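I opened a new notebook page for this chain. My plan is to look up a few places and write down what I find.

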Amino acid sequence: MGFKSIEPRELQGNVFDLVGEKWMLLTAKKSCGAHNTMTASWGGMGIMWGKPVAWCVVRPVRYTYEFMEESDYFTLSFLPDGEEYRKALNLLGTKSGRAGDKIRESGLNVFDVEKFNGKASAFTESDLIMTCRKLYYQDVDPSNFTDETLDKSNYPKKDYHRMYFGEISDCLIRIGEDSVE
């Protein structure tokens, strides 16, 4: 069992299901080799600046934020459907990496994405991994909401997300036993 690289345009599936229902693990790695991940269910994919991109959001209070700030790359890992992985996703989304090794506690296994020379990490259990080169970031500005209920319902603590756009530099899909091919 392993992975093969495909072009982003070859991806199959519905982005609304992938991100909003299946969820993803957003992982970034510091230059010292430390990595952190968090579960995310907000984000998307498409074409921006003539490039295939994925975008995600991170609140500054999250431990992953400092990793995203330092790293030139981030990965989005999509795990197979199933209760075993839903428990891991819930744990990785609710527990802070500051408090201990939540990845080990989740039972998932991290590896370095080979073609990025130790600058990107992902999970061996994934069906799909997107490695993204950070292109742009911007903080959510509450004065730009045209629907004020979004600010009130999503940011009661005024902890506005930072949006990150990354060029999808590599897509890996699982091959072999239990593959999504």
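I start with terms: buried means under 20% relative accessible area, exposed means over 50%, and partly exposed lies in between, with a 1.4 Å probe and protein chains only. The model is predicted, so I note that local features need pLDDT of at least 70, side-chain atom pairs count only at pLDDT 80 or more, and totals for chains, interfaces and linings use all residues. Residues are numbered from 1 along each chain as its sequence is written, and side-chain values use heavy atoms, with hydrogens and water left out.

**Entry 1: two positive phi angles.** I looked up asparagine 117 in the loop between β7 (110–112) and β8 (121–123). Helices (H or I, at least four residues) and strands (E, at least two) are DSSP runs, numbered from the N terminus. Asparagine 117 is not a glycine, yet its phi is positive, about 50°. Its relative accessible area is 69%, so I list asparagine 117 as exposed.

Then I went to lysine 158, in the loop between α5 (148–154) and β10 (162–175). Lysine 158 also has a positive phi, near 60°, and is a residue other than glycine. I list lysine 158 as partly exposed, because its relative accessibility is 48%.

**Entry 2: helix α3.** I found 12 residues in α3 (residues 83–94). The helix reaches 16 Å from its first C-alpha to its last, close to the expected 16 Å at 1.5 Å a residue. That expected span is 1.5 Å times one less than the number of residues.

Which residues of α3 are buried? I noted Tyr85, Ala88, Leu89, Leu91 and Leu92. Seen down the axis of α3, they fall within an arc of 165°, so they line one face of the helix. The arc is taken from the directions from the helix axis to the C-beta atoms. An α-helix has 3.6 residues a turn, so residues three or four places apart point the same way.

The buried residues of α3 pack against α1 (15–22), β2 (24–29), β3 (35–40) and α4 (102–106). Exposed Glu83, Lys87 and Thr94 sit on the face turned away from the buried side.

**Entry 3: glutamate 105.** I moved on to helix α4, where glutamate 105 is placed. Glutamate 105 counts as partly exposed because its relative accessibility is 47%. Leaving aside neighbours within four places in sequence, I found glutamate 105 in contact (heavy atoms within 4.5 Å) with Leu91 and Lys95. I also checked lysine 51, 54 residues apart from glutamate 105 along the chain: their C-alpha atoms are separated by 36 Å.
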